[in-house]
Amino acid sequence: MRIAIFGPPGAGKGTQGVRLAEKLNIAHLATGDMLRAEVAGGTDLGNQAKQFMDRGDLVPDDLIIGMIQSRLTGGSGMVLDGFPRTIAQAQALDDALRQANMPLDKTIYFKVDRDELVNRLLNRAAEQGRSDDTLETINRRMDVYEEQTAPVLDYYNSSGKVIEIDGTGTPDDVFQRLVAAVESGS
Ligand code: ADP
């Protein structure tokens with residue numbers, strides 16, 4: 001099963017993506033996690049990416065596409081979390097998956113109101129101290145999401161159905177909805 005999870009920052013993609021990949025026993029490919037590992041490792045890619053991440057901007061498409069392409073292995077499947085985030089990334093993903101003859105099975109969107117998202121991210125800032133969880137950067141990430149990533153949902157909606165899930169409630173509530181959506185035939 002190949003699943004892409006979309007949603008604004010703070011919608012719970014990471015938490016739910018890890019759980020879903022474990023349940024289905026498939027890979028969890030999260031570009032945000034990969035980038036943070038590159039930054040922590042002080043690699044060239046990490047050093048280039050850091051300035052964009054710290055501002056709340058997207059890392060340029062060529063860097064992201066290069067980073068993820070080698071990890072799009074066949075295997076039994078994958079949960080894509082935080083990728084694709086631009087139309088160019090979605091097109092690159094489509095091409096790669098078409099060539100490998102392994103299209104996405106499901107695209108899932110977590111819906112959460114902006115006020116709730118900002119609250120969640122400020123709480124996460126207090127708990128985890130992620131360097132991009134300041135109020136200014138959070139607002140920038142929300143705007144970037146609306147400008148650059150929301151159009152990707154329209155792109156997928158035009159070729160198939162995006163399954164919308166209510167991302168509010170406890171993580172267990174959301175996970176139940178997610179599993180139900182993945183297991184449904186739609
Ligand atoms: P969140 O969705 O909470 O903002 P992520 O961990 O998914 O968190 O992403 C953190 C940052 O990493 C983003 O703000 C962006 O700078 C960068 N990033 C992650 N995935 C991508 C991507 N697919 N394209 C461009 N930048 C990305």
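I will start with the charged side chains. A search of the whole structure finds 14 salt bridges. Please keep in mind that this is a predicted model.

One of those salt bridges joins the side chains of Glu116 and Arg120, at 2.9 Å from N to O. Both residues belong to helix α6, which covers residues 114–128, and because they are four residues apart there, about one helical turn separates them. Glu116 has a relative accessibility of 33%, so it counts as partly exposed.

Now to Arg141. Which side chains does Arg141 meet in salt bridges? One is Asp132, with an N to O distance of 3.8 Å. Another is Asp133, where that distance is 3.0 Å. Are Asp132 and Arg141 buried or exposed? Both of them are buried. For Arg141 the relative accessibility is 10%, and buried means under 20%, so Arg141 falls in that class. Asp133 is buried too, with a relative accessible area of 3%.

Arg124 takes us to the ligand. A polar atom in the Arg124 side chain lies 3.4 Å from an oxygen atom of the ligand. The side chain of Arg85 also has an N or O atom 3.0 Å from a ligand oxygen. On the nitrogen side, a polar side-chain atom of Thr31 is 2.8 Å from a nitrogen atom of the ligand. How much of the ligand does the protein cover? On its own the ligand has 540 Å² of accessible area, and the protein covers 96% of that. In total, 20 residues surround the ligand, and the closest are Lys13, Thr31, Arg36, Asp57 and Gln89.

Last, the nonpolar parts. The largest nonpolar core has 28 residues, and within that core Val59 and Leu80 touch the most other members. Two or more residues come from each of these elements: strands β1 (2–6) and β3 (78–81), and helices α2 (31–41), α3 (44–55), α4 (61–69), α5 (87–99) and α7 (135–159). What is Val59 in contact with, leaving aside its neighbours within four places in sequence? The list is Leu35, Ala49, Phe52, Met53 and Ile64. There is also a second, separate core of 23 residues, and among them are Leu117, Leu121, Met142 and Leu178.

That is the end of my part.

Terms used. Residues are numbered from 1 along each chain as its sequence is written. This is a predicted model: local features need pLDDT of at least 70, side-chain atom pairs count only at pLDDT 80 or more; totals for chains, interfaces and linings use all residues. Side-chain values use heavy atoms; hydrogens and water are left out. A nonpolar core is a set of buried Ala, Val, Leu, Ile, Met, Phe, Trp, Tyr and Cys residues joined through side-chain atoms within 4.5 Å. Buried means under 20% relative accessible area, exposed over 50%, partly exposed in between (1.4 Å probe, protein chains only). Contact means heavy atoms within 4.5 Å. A residue is near a molecule or strand if one of its heavy atoms lies within 4 Å of it. A polar contact is a pair of N or O atoms within 3.5 Å; within protein, one must be able to donate a hydrogen and the other to accept it, and residues adjacent in sequence count only if both atoms are side-chain atoms. Accessible areas come from the Shrake-Rupley method with a 1.4 Å probe; for residues, only the protein chains shown count as cover. A salt bridge is a side-chain nitrogen of Lys or Arg within 4 Å of a carboxyl oxygen of Asp or Glu.
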